Amino acid sequence: MKQILGILIIILQLISCKPTSESDFVLPRSSGNTNKILVVMKGTHWLEKPGDEIRRVFGEHQVGLPQPETLLSVGQIDPSGFKRSIRGNKAVLMFQKADVEDISVIKNKYSKPQIIVVATAKNEEGMVNLIRTRGKEIIQIFKDEDITFIQDIFRKEKIDETTFKTIQKLGLNIEIPNRYRLVDDTGDFLWLRQHLKSGIARGDGNNNVLIYSVPLTDENKITDNITAVRDSIGKKYLPGSKEGMYMITEQAYTPFTYELKLDGKKAYETRGKWEVKNDFMAGPFLNYTIVDKKNNRLIVFEGFTYAPSVNKRDFLFELEAIGKSLRIKQ
């Protein structure tokens with residue numbers, strides 16, 4: 001009798017632990033790298049005009065990089081193969097047939113974190129039109145999700161901001177992972193560096209973060225002065241290996257500047273290439289100049305990469321995630 005009672009108790013415990021809804025199930029961890037998406041599309045469409053249009057729009061080169069690198073890396077699989085472990089991919093663009101040309105977003109359906117963009121169209125012509133008209137929007141959806149993904153990781157391993165004079169003096173919060181090491185911290189200028197540990201860049205390559213501020217004098221001339229400001233900072237704080245060597249904006253390449261919102265404030269994103277004056281060192285940089293009207297200043301975040309002979313898109317993307325985490329304390 002005691003044995004039967006014990007079995008009944010175990011059965012009741014198992015029943016009580018049974019998930020009551022789909023949300024109670026623990027999703028497996030997603031697979032796939034940042035800046036990479038899986039396109040779920042029929043093979044015939046992939047080899048014809050819809051696939052050509054995806055390769056054209058998604059294959060646009062990221063500005064400011066020394067070597068040609070696409071905005072996103074794209075792979076394709078037929079809908080019949082989208083099952084089991086494949087559907088746990090972190091970023092999926094899925095094409096489905098419907099009367100309306102539209103896109104919708106589903107998160108964490110088969111794995112976590114996961115984003116699935118469902119693109120619907122009536123026929124091949126509609127698919128091509130949808131990619132042509134909303135392709136940039138789709139790219140931005142994936143990019144934003146990757147930024148959030150990286151920032152979540154960095155938040156768990158962030159540096160102790162209270163140890164840096166410049167961050168405290170400027171009154172900032174920022175998600176910088178603790179693998180970055182201090183190079184210089186004057187109270188007005190901060191330089192942190194991470195030595196890269198992958199591929200050919202191991203040992204020689206590094207990612208760098210700079211933070212400083214300059215007075216806000218004329219809001220109409222901010223974009224005109226971004227290059228001059230960073231060159232003056234380079235001359236003062238970023239010396240080369242010999243006298244007369246210091247970081248400047250590469251003179252043979254015109255940087256690209258875009259307006260955006262950062263921390264709810266007007267800001268400018270500048271992408272270009274840096275070089276060391278009178279030397280052969282060079283690489284890409286990313287600059288965020290934030291208009292802080294309340295304190296009559298510009299807060300500048302800059303990230304730059306030195307990684308000879310390897311692609312640099314993903315290194316710079318991590319710097320973008322750090323820069324976009326910057327917040328000014330009120």
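This is a predicted model: local features need pLDDT of at least 70, side-chain atom pairs count only at pLDDT 80 or more; totals for chains, interfaces and linings use all residues.

Select Asn129 to begin. Asn129 counts as partly exposed because its relative accessibility is 31%; under 20% relative accessible area is buried, over 50% is exposed, and partly exposed is in between, using a 1.4 Å probe and protein chains only. Asn129 is found in helix 4. Helices here are DSSP runs of H or I with at least four residues, strands are runs of E with at least two, and both are numbered from the N terminus.

Residues are numbered from 1 along each chain as its sequence is written, and side-chain values use heavy atoms, with hydrogens and water left out.

Next, select residues 49-58, which form helix 3, together with helix 4. At what angle do helix 3 and helix 4 pack? The angle is about 15°, and the axes are 9 Å apart. Axes are lines fitted to C-alpha atoms, for helices over the stretch in contact, and angles run from 0 to 180 degrees between N-to-C directions. Helix 3 and helix 4 are therefore roughly parallel to each other, a label for angles under 35 degrees.

Show the side chains where the two helices meet. From helix 3, the residues include Lys49, Pro50, Glu53 and Phe58; from helix 4, they include Glu124, Met127, Ile131 and Ile139. The residues of this contact (heavy atoms within 4.5 Å) divide into nine nonpolar, one polar and six charged. Ala, Val, Leu, Ile, Met, Phe, Trp, Tyr, Cys and Pro count as nonpolar, Asp, Glu, Lys and Arg as charged, and the others, Gly among them, as polar.

Move on to Glu161, in the loop between helix 4 (124-156) and helix 5 (165-170). Is Glu161 buried or exposed? Glu161 is buried, because its relative accessible area is 7%. A polar atom of its side chain lies 2.6 Å from the backbone nitrogen of Ile174. Leaving aside neighbours within four places in sequence, the residues in contact with Glu161 include Ile167, Leu172 and Ile174.

Finally, zoom out. The protein chain has seven helices and 15 strands, and 46% of its 330 residues count as buried.

Key
A polar contact is a pair of N or O atoms within 3.5 Å; within protein, one must be able to donate a hydrogen and the other to accept it, and residues adjacent in sequence count only if both atoms are side-chain atoms. Angles under 35 degrees count as roughly parallel, over 145 as roughly antiparallel, 65 to 115 as roughly perpendicular and the rest as oblique.
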